[in-house]
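Hi,

Here is the structure I said I'd pass along.

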Amino acid sequence: MTSGDIDLAVYEQGPAEAPAVVLVHGYPDTHAVWDEVAQALSERFRVVRYDVRGAGASDAPRATDAYRLEHLKNDLFAVIDAVSPGEPVHLVGHDWGSIQAWEAVTEPHSGKRIASFTSISGPCLDHFAYWARRNRGRPRMLKQLLHSWYIAAFQVPVVPELVWRTAGTWWPVYLRVFEGVRRAGHPAPTVARDAARGLSLYRANFRGILGSPRERRTDVPVLVITLLKDRYLTAASTEGLERWVTRLWRRRLFAGHWSALLGNGATVARMISELIDDIQGGP
């Protein structure tokens with residue numbers, strides 16, 4: 001399908017008549033990072049996944065500005081409108097998939113297109129900027145900065161691209177050693193190319209938003225799944241969301257950033273299903 005002048009690779013599974021759940025992957029992944037979650041959800045739901053711009057089989061613009069959150073949000077809405085034009089979807093995002101999903105969820109009237117949102121290890125950048133200001137100089141902020149060292153590193157020209165070009169060799173080892181991920185097909189064969197292109201996500205968005213955050217609110221029901229072994233996002237950094245989210249649930253999972261999906265996918269799927277059941281009037 002197309003979003004503006006970008007072709008996006010979209011994948012579907014599960015009963016065609018069932019409620020739609022849209023899964024948005026992060027960096028440096030493709031739709032395949034959801035394999036385990038999608039398999040579990042597809043027993044009850046119509047599961048839709050897509051490769052975000054710059055990843056997998058989707059188009060990869062060269063310009064850094066093409067990866068701004070505005071364009072990622074428009075891609076997401078284009079997918080939603082194409083796969084479920086008559087009913088709002090249940091949205092789930094991980095890492096950068098969650099960051100761009102927040103951008104959509106906090107748009108005015110987003111509840112007409114999004115019935116619920118499950119956020120996994122990817123904050124709204126505006127919410128995070130306000131949190132950082134409130135916690136400036138405190139140990140919890142220092143801890144988060146240490147977790148986020150790579151964001152500054154990714155701003156350096158050329159060097160990160162060169163490092164990621166060899167990711168096909170060392171990234172699988174990293175996932176196995178630090179995340180316990182030992183699944184065939186992960187990471188995707190395109191990981192080196194995708195990671196180098198995806199650096200534009202960091203370069204196009206962080207400086208502007210963190211320097212001048214917007215007030216982004218939503219009435220969409222939101223579930224935040226905190227990963228207790230996450231090496232990149234601390235639990236404290238999600239505090240204060242009640243200021244921005246009218247209906248908020250929180251759950252915790254003893255898993256790492258990627259092992260949550262590639263090892264605990266059935267548990268994540270159950271949490272998503274329970275949120276959907278709850279807002280639809282179930283127990």
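**Val159 and the rest**

Val159 comes out as partly exposed, with a relative accessible area of 49%. Keep in mind that this is a predicted model. Val159 sits in helix 7, which covers residues 159-164. On the surface, Val159 belongs to a nonpolar patch together with Val156, Val163 and Trp170. Between them, these four residues have about 310 Å² of accessible area.

Next, helix 5 (residues 139-147). Which of its residues are buried? Those are Met141, Gln144 and His147. They lie on the same side of helix 5, because the arc they cover around the axis is only 115°. As for what they pack against, the buried residues of helix 5 meet helix 4 (125-134) and helix 6 (149-153). If you turn to the face of helix 5 that points away from the buried side, you'll find the exposed residues Pro139, Leu142 and Leu146.

Last stop is Thr267, in helix 10 (residues 265-279).

Cheers

Methods. Residues are numbered from 1 along each chain as its sequence is written. This is a predicted model: local features need pLDDT of at least 70, side-chain atom pairs count only at pLDDT 80 or more; totals for chains, interfaces and linings use all residues. Side-chain values use heavy atoms; hydrogens and water are left out. Patches are made of residues with over 30% relative accessible area and no salt bridge: like charges are joined within 9 Å, nonpolar side chains (Val, Leu, Ile, Met, Phe, Trp, Tyr) within 5 Å. Accessible areas come from the Shrake-Rupley method with a 1.4 Å probe; for residues, only the protein chains shown count as cover. A salt bridge is a side-chain nitrogen of Lys or Arg within 4 Å of a carboxyl oxygen of Asp or Glu. Helices (H or I, at least four residues) and strands (E, at least two) are DSSP runs, numbered from the N terminus. Buried means under 20% relative accessible area, exposed over 50%, partly exposed in between (1.4 Å probe, protein chains only). The arc is that of the directions from the helix axis to the C-beta atoms. Contact means heavy atoms within 4.5 Å.
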